[in-house]
Amino acid sequence: RTAGIRVRTVVEPVVVERDLRKVKVEIRGAARPLRARPDIGDRLAAAGAGKSLAGASAETARVLVALFSGSQALSDLLVAHPDWLASLEAEHIQFPRRKQGLQHEVTGWLKPRLAASDFVGALARLREFKQQQMLRIATRDLARLSNAVEITQEISDVADVCLDTVWQVCTRQLTARFGQPYHQDAHERWHETKFCVLGMGKLGGQELNYSSDVDVLFLYALEGQVFREPPTAKVKPVRTMSNHAFFNRLAENFIAEVTRLTPEGALFRIDLR
């Protein structure tokens with residue numbers, strides 16, 4: 001129902017009937033039969049996933065029933081994003097995704113958004129990315145296509161990529177506003193001051209689970225000053241703030257974005273103790 005107008009999705013009856021037969025066969029072996037109702041095919045088809053269901057294999061039907069019987073929240077998430085169904089086909093979730101692949105995917109849409117200073121859009125896309133990846137990981141888990149070691153590694157890799165992306169966005173925002181932090185070495189030469197978010201606990205050990213918070217430390221190289229223009233041995237521009245003040249603000253912004261509660265939920269809870 002949109003703006004007072006009821007929208008009806010027309011679904012080919014033959015397609016739905018054939019898909020429901022696949023699903024009903026799998027319901028008998030579901031972990032929670034009452035939750036894995038025969039309306040799985042109806043819900044997905046009505047959400048616009050009729051074409052994807054039409055070509056679903058028996059193994060994909062088993063995977064979907066495992067998801068719908070194992071998690072109401074994730075089932076609702078898939079219905080809300082029927083275009084994600086293709087990524088849950090059995091052949092696509094047989095093996096875990098590697099961190100390099102996840103990073104490459106994010107870089108593809110992050111770079112143009114950062115170049116356009118679309119920070120809000122970048123963070124919204126990141127939250128969607130995290131939701132989709134957690135849906136994929138949990139589906140592999142529920143369908144028994146993986147083990148605890150792989151699952152915790154994948155969750156940790158997703159967290160690493162998400163935290164790195166938030167760091168990039170927050171850093172770009174602050175440097176655009178205040179400039180770049182610099183420090184001097186023993187020979188009074190200026191260098192850009194580096195910053196790091198260090199993972200501790202389960203994050204550092206690559207053992208995150210679905211409900212883990214992330215333990216982090218914030219580190220920067222040396223005290224110095226922030227300039228809008230690069231300083232040289234002969235020219236020292238007017239500073240905007242100290243490195244300490246800059247990186248304190250960067251840490252605060254980072255925490256705010258990671259923990260911000262949105263309709264898609266927060267990215268992660270953060271523990272700084």
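Tutor: Helices here are DSSP runs of H or I with at least four residues, strands are runs of E with at least two, and both are numbered from the N terminus. Counted in that way, the protein has nine helices and seven strands. The model is a predicted one, and of its 273 residues 43% count as buried. Among the contacts with a separation of 6 or more, 66% are between residues 24 or more positions apart.

Helix 5 covers residues 99-115 and helix 6 covers residues 119-142, and the two pack at an angle of about 165° with their axes 9 Å apart. Because angles over 145 degrees count as roughly antiparallel, helix 5 is described as roughly antiparallel to helix 6. The crossing of helix 5 with helix 6 is right-handed. On the side of helix 5, the contact is made by Leu 102, Glu 105, Val 106, Trp 109, Leu 110, Arg 113 and Leu 114. Helix 6 contributes Phe 119, Gly 121, Ala 122, Arg 125, Leu 126, Phe 129, Gln 133 and Arg 136. By class, the residues of this contact comprise nine nonpolar, two polar and four charged.

Leu 110 lies in helix 5, and since buried means under 20% relative accessible area, its value of 3% makes Leu 110 buried. Its C-alpha is 6.2 Å from that of Ala 122, a residue 12 positions away in sequence. Once neighbours within four places in sequence are left aside, Leu 110 is in contact with Ala 122, and also with Thr 165, Gln 168 and Val 169.

The strands supply the surroundings. Strand 1 (residues 180-184) runs antiparallel to strand 5 (residues 225-227), joined to it by three bridges, and strand 1 is also joined by three bridges to strand 2 (residues 190-192), again antiparallel. Tyr 182 stands opposite Gln 225 in strand 5 and opposite Glu 192 in strand 2. Strand 1 and strand 2 form a hairpin with five residues between them, and in the turn Glu 188 has a positive phi of about 65°.

Not counting residues up to four places away in sequence, Gln 184 touches Arg 189 and Trp 190. Gln 184 and Gln 225 are 41 residues apart in sequence, with their C-alpha atoms 9.3 Å apart.

Elsewhere, three strands form an open sheet of mixed pairing, in the order 3-4-7. Its edges are strand 3 (195-200) and strand 7 (270-271), each of which pairs on one side only. Strand 4 (residues 214-220) pairs with strand 7 in the parallel sense over two bridges, and Val 214 has Ile 270 of strand 7 as its bridge partner. Helix 9 (residues 243-259) packs on this sheet, where it touches strand 3, strand 4 and strand 7, and its direction makes about 160° with that of strand 4.

Notes
Residues numbered from 1 in each chain as written. Predicted model: local features only at pLDDT ≥ 70, side-chain atom pairs only at ≥ 80, totals over all residues. Heavy atoms only, no water. Pairing = 2+ DSSP bridges. Contact = heavy atoms within 4.5 Å. Axes fitted to C-alpha atoms, helices over the stretch in contact; angles between N-to-C directions. Parallel < 35°, antiparallel > 145°, perpendicular 65-115°, else oblique. Left-handed = near helix turned anticlockwise from the far one by under 90°. Nonpolar A, V, L, I, M, F, W, Y, C, P; charged D, E, K, R; others polar. Buried < 20%, exposed > 50% of the residue type's maximum accessible area, 1.4 Å probe, protein only.
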